[in-house]
Amino acid sequence: MESFPALRKCALAQCRQSQLASPLFLDFLAPNVQRTKRRYGTITEPSATKPRYILSKQQRQYLDSALRVNQAGELAAVLIYKAQNPIVIRSYPHLRPLMRHMYDQEVGHLKTFNTLVAKHEVRPTVMYPIWEVAASFLGWSTAALGREAAMACTEAVETEIGGHYNEQVQEILSWQADAEKRGEELDDELKDLLVTLRRIRDEELEHLDHAVENDSKEAKPYDPIVQIIRRGCRTAINISEKF
């Protein structure tokens with residue numbers, strides 16, 4: 001099983017103002033993004049050694065849902081940090097490099113999923129306007145409560161998102177195991193996606209660790225902040241999977 005010690009450790013411990021036409025969100029509509037109607041796992045030509053593993057309709061639907069949720073989640077993360085950063089950095093200038101580092105990584109994640117959503121013609125979530133307002137308000141309000149609350153927000157969000165990415169990794173690994181039993185192999189794009197999901201998961205969990213190291217657990221009130229945000233994240237994930 002794929003392990004992620006940072007998430008486990010934090011779990012045991014209980015543990016942006018953009019517009020609808022945001023360039024980050026609409027990068028996937030840019031003409032320089034090359035579209036293709038080929039979907040994951042639909043290549044039937046055999047490789048040099050093994051035939052390709054062909055995904056079922058349900059598996060392709062799972063990937064569509066996963067990419068839609070990932071894009072929405074990364075957009076929300078960018079908006080949260082964009083709202084938090086000016087407030088946090090004004091009072092704690094020594095945190096500028098860390099806050100910028102985490103923000104830049106989230107921007108990179110969003111661009112990755114914008115490209116994948118465009119390439120595989122996945123419908124983005126129709127909930128974007130609502131998630132935009134919610135994420136921006138969450139970032140602003142937790143930062144207004146202080147550095148610790150802003151970090152508790154990061155801890156809560158990254159706990160849920162890290163776990164969600166790990167579930168996707170586990171799902172694709174189960175497909176890989178099934179392919180091996182059949183004497184087949186995954187499409188190269190699926191292999192690349194697996195690498196991408198692992199990398200982004202680990203970077204999100206790195207943010208979680210940074211939050212804990214910067215006193216997220218000193219937020220007051222810690223438990224209500226973390227639990228409410230985690231429930232909100234799970235609800236947003238469930239809705240974005242379908243809509």
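The stops below cover a helix pair and then several backbone features of a predicted model.

**First stop: helix α5.** Select residues 128-144, which form α5. This helix comprises 17 residues and spans 24 Å from its first C-alpha to its last, close to the 24 Å expected at 1.5 Å a residue. Colour its buried residues: Y128, W131, E132, A135, S136, G139, S141, T142 and A143. Just after α5, G146 adopts a positive phi of about 125°.

**Second stop: the partner helix.** Because angles over 145 degrees count as roughly antiparallel, α5 and α8 are roughly antiparallel to each other. Their crossing is left-handed. Show side chains at the contact: W131, L138 and T142 of α5 meet I229, A236, I239 and S240 of α8. By class, this contact has 5 nonpolar and 2 polar residues, with no charged ones.

The peptide bond from K220 to P221 is cis, with omega near 0°. D215 lies in this loop too, and its phi is positive, near 70°. With a relative accessible area of 32%, D215 is partly exposed.

**Last stop: the loop between α4 and α5.** Select E121, located between α4 (96-119) and α5. Its phi is near 50°, a positive value in a residue other than glycine. E121 counts as partly exposed, at 41% relative accessibility. Most residues other than glycine have a negative phi, and most peptide bonds are trans.

How values were computed. Residues numbered from 1 in each chain as written. Predicted model: local features only at pLDDT ≥ 70, side-chain atom pairs only at ≥ 80, totals over all residues. Heavy atoms only, no water. Axes fitted to C-alpha atoms, helices over the stretch in contact; angles between N-to-C directions. Helix = DSSP H or I, 4+ residues; strand = E, 2+ residues; numbered from the N terminus. Parallel < 35°, antiparallel > 145°, perpendicular 65-115°, else oblique. Left-handed = near helix turned anticlockwise from the far one by under 90°. Contact = heavy atoms within 4.5 Å. Nonpolar A, V, L, I, M, F, W, Y, C, P; charged D, E, K, R; others polar. Expected span 1.5 Å × (residues − 1). Buried < 20%, exposed > 50% of the residue type's maximum accessible area, 1.4 Å probe, protein only.
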